Amino acid sequence: MIPAVLPTYNRAPLAFVSGSGSWLLAEDGTRYLDLGGGIAVNALGHAHPALVQALTDQAQKLWHVSNVYRIPEQEHLAEMLVDRTFADTVFFTNSGTEAAELAIKMARKFHHEAGHPERIEFISFEGAFHGRSTAAIAAAGSEKMVKGYGPLMPGFRQLKWPTSAEDHAAIRAAITDQTCAVIIEPIQGEGGIRVVPDQCLKGLRDLCDTTGTLLIFDEVQCGMGRTGRLFAHEWAGVTPDIMMVAKGIGGGFPLGAVLATERAASGMTAGSHGSTYGGNPLACAVGTAVLDIVGDDAFLADVSRKAALFRQGLESLVARHPKVFEAVRGQGLMLGLKCKAPNTDMVKAGYAAGVLTVAAADNVLRLLPALNITETDITEALTRLDRAASAVSTAI
Ligand SMILES: *Cc1c(COP(=O)(O)O)cnc(C)c1O
C-alpha cells in the first residue's frame, strides 16, 4: 500500500523534535551535530533567537496580504539586496525552483522585447541542478530527473562542466544567434561541490558580453554567505545579469528571489509574472533578519576564518583515512569530501556517530554547516567524522 506521504524521498529513519544552533534533538533523545543544515537552508542554525523574534513579532501583526497591495516588508528586503549586490531589482518567490522558472522566463522575455524572439536557447552544464519544475529539469537534463516526464521543454542543452580553455572554446562554439542565456551554479551543490574556477566565470562573462547572451548565476545553494562572501561570484569579480537565490535567504522559512539588472529585467512589466505567496510579510520579515546578520562584513569574515579551520581539519581527516576519502573540495562552508568508499556509507556511519551529512553526486559527502557554527562544534564535528570514517574504514 502506498504510504500517506507520496514516497518520492529516500528518507533516513530519523525524526527530530527540536534544534538549537548546530544541534538537533531526535525523538529518542539522541543529539546530532548538523552538518547538513537542511541542505544549506539553516544558514544560522536552528532556533536562532533573532529569527525566532522576527518571525513571532511579524506573526502577531500580519502574515499575508497579497501582491495586489504594496508590501513594505518586501520593499525593504528588496532594497537591502539591491544595496548589497549587482542587482537593480528583485522578485520574491517561495523556492529555488520558482526562482529558476522566473530567471528562464525573464531571459527569454528580454530577447523577445529586444526584437530577438528567436533567442530562446539556454546553455547549462552537466551535473547542474536548478530545481524540479519542467523547465528546471530540462535545464539540468540529467537522466534521473527527466526520465518519464517528456516531452521536455525545448531550448536547453548541456555542455561539459567548464574547467579548461578547451571547455570555453566548446561554449563559444555552442553559442549561436538563437542562444538566450548561459545558466550556471558558481559552485555546483548537488553535482558534487564543484567550484567553477574564477578564470572560467570571467571567461563566461566575456563570452556572454561579446555575443549578447545573458548570464544567469544559480546561487540557490552557494549564495547567502556560504563561501564567506554574500554571493559566491563576488570572489571572481564578475557579476551576472540575473541571479537565483533561495535556501539560506530564509534561514528555514520558505523564501527565494530572483535578482536582476534593470536591463535584463526590462521585459518584465505589470502582469507579466506573479506569485500568490512570494514575498509575503512573514517571509520578508524573516529574510530581513537573516540578511541583517549574514550581510555583515564581520560575520562574513568570520565564516571564512571558521571555514579555514574546518578545512584544515578535513584535510587531516582525509590523510588519516586514505581508504575512505580522496580529497577535500569546495569553498568557505560549502565543503565536500570526495570519497573512495561509497559516500552513502559515510552518511550512515555519521548517523551512528551522531553527525549529519548529505550525499551529493560524484561520490561526494557534502558538509553545509550553519554559517555561525562555533569553533567548539567544528572540533566536535571533526571528532565525530573521524569516528564515522574509522567505522567505514574497518568495514572495508
Ligand atoms: C536546491 C536548489 C534549487 C531548487 O531549490 P528548491 O527550493 O528546492 O526549489 C535550485 N538550484 C540549486 C543550485 C539548488 O541547490
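How many salt bridges are counted between domain 1 and domain 2?

Author: The count between domain 1 and domain 2 is 2 salt bridges, a salt bridge being a side-chain nitrogen of Lys or Arg within 4 Å of a carboxyl oxygen of Asp or Glu. This is a predicted model, in which local features need pLDDT of at least 70 and side-chain atom pairs count only at pLDDT 80 or more, while totals for chains, interfaces and linings use all residues. Residues are numbered from 1 along each chain as its sequence is written, and side-chain values use heavy atoms, with hydrogens and water left out.

The domain assignment, which is automatic or taken from a database, gives domain 1 as 16-34 + 297-395 and domain 2 as 50-294. Taken over C-alpha atoms, the centres of domain 1 and domain 2 are separated by 27 Å. To the contact (heavy atoms within 4.5 Å), domain 1 gives 21 residues and domain 2 gives 22 residues.

Between them the two domains bury about 1700 Å², of which 59% lies on carbon and sulfur atoms; buried area here is the accessible area (1.4 Å probe) that two parts lose on being put together, summed over both. On the side of domain 1, Leu300, Gln331 and Met334 lose the most area to domain 2, together 40% of what that side buries.

A salt bridge also joins Arg366 and Glu190, whose closest N and O atoms are 2.9 Å apart.
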